[in-house]
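My notes follow in the order I took them.

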Amino acid sequence: MAAKLKKGDKVVVLTGKDKGKEGTISSVNPSANKAVVDGVNIAIRATRQSQESQGGRIPKAMPVDLSNLALLDANGKPTRVGFKMDGDKKVRFAKTTGDVI
């Protein structure tokens with residue numbers, strides 16, 4: 001099945017402690033139905049010092065369920081994603097505006 005949200009998409013969080021925050025998807029895990037969004041769902045992880053990195057408490061973005069994310073359309077509003085055929089290619093489009101993504 002085609003992915004409604006992909007890496008690099010600008011999204012907004014719909015529910016949870018980070019409700020209303022916007023960010024860009026940095027990675028998607030389709031099998032777990034989760035995505036990592038920059039600046040959202042930050043957790044502090046303690047790491048040991050190594051030769052290449054300083055140790056300490058490092059903030060890390062944790063995965064968010066795809067059902068809690070909505071794509072931002074050209075107007076900056078959350079929208080659902082649909083699919084349609086554009087010639088012989090299957091393309092994503094924003095349900096609010098009808099624009100091809």
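Leaving aside neighbours within four places in sequence, which residues is Val37 in contact with? I took contact to mean heavy atoms within 4.5 Å. With that cut-off I listed Val11, Gly23, Thr24, Ile25, Ala61 and Leu69 for Val37.

**Ground rules.** I am working from a predicted model, in which local features need pLDDT of at least 70, side-chain atom pairs count only at pLDDT 80 or more, and totals for chains, interfaces and linings use all residues. Residues are numbered from 1 along each chain as its sequence is written, and side-chain values use heavy atoms, with hydrogens and water left out.

**Overall layout.** I found 10 strands and zero helices in the protein. From the N terminus on, the order of elements reads β-β-β-β-β-β-β-β-β-β. Both kinds of element are DSSP runs numbered from the N terminus: helices are H or I of at least four residues, strands are E of at least two.

I then looked at the dimensions. The C-alpha atoms fill a box of roughly 55 × 30 × 20 Å along the principal axes.

Of the contacts with a separation of 6 or more, 33% are between residues 24 or more positions apart.

**Surface and charge.** The protein exposes about 7000 Å², and carbon and sulfur atoms supply 50% of that area. The areas come from the Shrake-Rupley method with a 1.4 Å probe; for residues, only the protein chains shown count as cover.

I noted 19 positive and 10 negative side chains, with the centres of the two sets 6 Å apart. Lys and Arg count as positive, Asp and Glu as negative, while His and the chain ends are not counted. Each charge is placed at NZ of Lys, CZ of Arg, CG of Asp or CD of Glu.

**Core.** Buried residues make up 27% of the 101 residues. Buried means under 20% relative accessible area, exposed over 50%, and partly exposed in between (1.4 Å probe, protein chains only).

The largest nonpolar core has 12 residues: Leu5, Val11, Val13, Ile25, Ala35, Val37, Val40, Val64, Leu66, Leu69, Leu71 and Val81. The elements giving two or more residues to this core are β1 (10–13), β3 (34–37) and β7 (69–72). A nonpolar core is a set of buried Ala, Val, Leu, Ile, Met, Phe, Trp, Tyr and Cys residues joined through side-chain atoms within 4.5 Å. In soluble globular proteins, nonpolar side chains tend to be buried together.

Is Leu66 buried or exposed? Leu66 is buried, at 19% relative accessible area. I placed Leu66 in the loop between β6 (63–65) and β7. Outside its four-place neighbourhood, Leu66 is in contact with Leu5, Asn33, Lys34 and Ala35. Leu66 and Val28 are 38 residues apart in sequence, with 8.8 Å between their C-alpha atoms.

Lys34 is in strand β3 and is partly exposed, at 32%. With neighbours within four places left aside, the contacts of Lys34 are Val28, Asn29, Pro63, Val64, Asp65 and Leu66. Lys34 and Pro63 are 29 residues apart along the chain, and 5.8 Å separates their C-alpha atoms.

**Positive phi.** Most residues other than glycine have a negative phi. Asn33 has a positive phi of about 60 degrees; this residue is in the loop between β2 (22–29) and β3 and is partly exposed, at 36%. Asn41 has a positive phi of about 55 degrees. I placed Asn41 in the loop between β3 and β4 (42–47), where Asn41 is partly exposed, at 22%.

**Ile58.** Ile58 is in strand β5 (residues 56–61) and is partly exposed, at 36%. Beyond four places in sequence, Ile58 is in contact with Ala43, Ile44, Arg45 and Thr47. Ile58 and Ala46 are 12 residues apart along the chain, with 6.1 Å between their C-alpha atoms.
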